[in-house]
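Please read the following report alongside the sequence and the three-dimensional view.

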Amino acid sequence: MFPIDLTGRNAVIFGVANDRSIAWAIARTLAGAGARIALTYQNERLRSRVARLAETLDDPVLVECDAADDGQIQSVFDAIGDQMGSLSILVHSIAFANRDDLAGRLADTGRDGFRMALEISAFTLLPMVRHAAPLMTDGGSVIAMTFHASSRVYPGYNVMGTAKAALEHEVRQLAYEYGSDNIRVNAISAGPVDTLAARGISGFLDMRRAHAEKAPLGRNITADEVAQTALFLCSDLSSGVTGTVLPVDAGYHIMAV
């Protein structure tokens, strides 16, 4: 087996909220392979939580970013340019919808709730890639996090499924637009991982139980398995892979259920 070595590469990861989040599993795994990590935190209230995790990394960069603010997104990449010089990896692992819009009927979603879910969960990838690209002077890898609800109905996921469908189209379009710069853009479609954020989805525990029962591997996946796939997508082993949505769901997506 050839070990993956990311020494000399810099990564920025959006979406680390706590030590159970998929974004943190990815950050920890990329750091273990030698990458230098920049983490963002949404606001001062959450800074200490993310800072405690960052302290376990080697020479991390910590930057505030409310993804609803275009100026703060730009400031992240200004800070990366100043403190890291260049960028090789961008991980987009942020999503948000009003709790009321993750229950009941999609048809009852209000205009403001729909706009917010699409803006935070999908639109934000666009300015992030736009600002990251000039720093990816030797090419790079962009990874977004998605879910099977982009193409199937998961009661309770509602408007977030619509947002993930938009996000996956962006992945394909951006892969086309930045391919000439040797910037690869992919998404990981993870099975239901037991994170604090996922617990806010109506029926989440039933969703996990159904996945474990029907997936070919007969179990749910872990955040570390998602992180290992991210490591592959950030490495030269995946140099020919772009515009792809890669399922990491114990095979659930192949089942006619």
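Asparagine 158 is found in the loop between E5 and H6, where helices (H or I, at least four residues) and strands (E, at least two) are DSSP runs numbered from the N terminus. The model is predicted, so that local features need pLDDT of at least 70 and side-chain atom pairs count only at pLDDT 80 or more, while totals for chains, interfaces and linings use all residues. Residues are numbered from 1 along each chain as its sequence is written, and side-chain values use heavy atoms, with hydrogens and water left out.

The phi angle of asparagine 158 is near 50°, a positive value in a residue other than glycine, and a positive phi near 60° is likewise found in alanine 250, which lies in the segment after E7.

| Residue | Relative accessibility | Class |
|---|---|---|
| Asparagine 158 | 14% | buried |
| Alanine 250 | 9% | buried |
| Isoleucine 22 | 16% | buried |

The strands form an open sheet of seven with the order E3-E2-E1-E4-E5-E6-E7 and parallel pairing, two strands being paired if DSSP finds at least two bridges between them. Strand E3 (61-64) and strand E7 (245-248) stand at the edges with a single partner strand each, so one side of each has no neighbour in the sheet. On average, and with direction ignored, neighbouring strands of this sheet are turned by 20° against each other; such angles run from 0 to 180 degrees between N-to-C directions, and axes are lines fitted to C-alpha atoms, for helices over the stretch in contact.

Within the sheet, strand E1 (residues 10-14) pairs with strand E4 (residues 89-92) in the parallel sense over four bridges. Alanine 11 stands opposite isoleucine 89 in E4, and phenylalanine 14 stands opposite histidine 92 in E4. Strand E4 is also joined to E5 by four bridges, the two running parallel, and serine 141 in E5 is the bridge partner of isoleucine 89. From E4, Ile89 and Val91 point one way and Leu90 and His92 the other way, and all are buried.

Contact means heavy atoms within 4.5 Å, and isoleucine 13, residues up to four places away in sequence not being counted, touches residues including Leu30, Leu39 and Val91.

How do helices H4 and H6 meet, and at roughly what angle do their axes cross? The axes of helix H4 (residues 111-123) and H6 come within 9 Å and cross at roughly 35°. Among the residues that meet there are Phe114 and Leu118 in H4 and Ala163 and Leu167 in H6. The residues of this contact divide into 10 nonpolar, two polar and one charged, with Ala, Val, Leu, Ile, Met, Phe, Trp, Tyr, Cys and Pro counted as nonpolar, Asp, Glu, Lys and Arg as charged, and the others, Gly among them, as polar.

Note on methods: Buried < 20%, exposed > 50% of the residue type's maximum accessible area, 1.4 Å probe, protein only.
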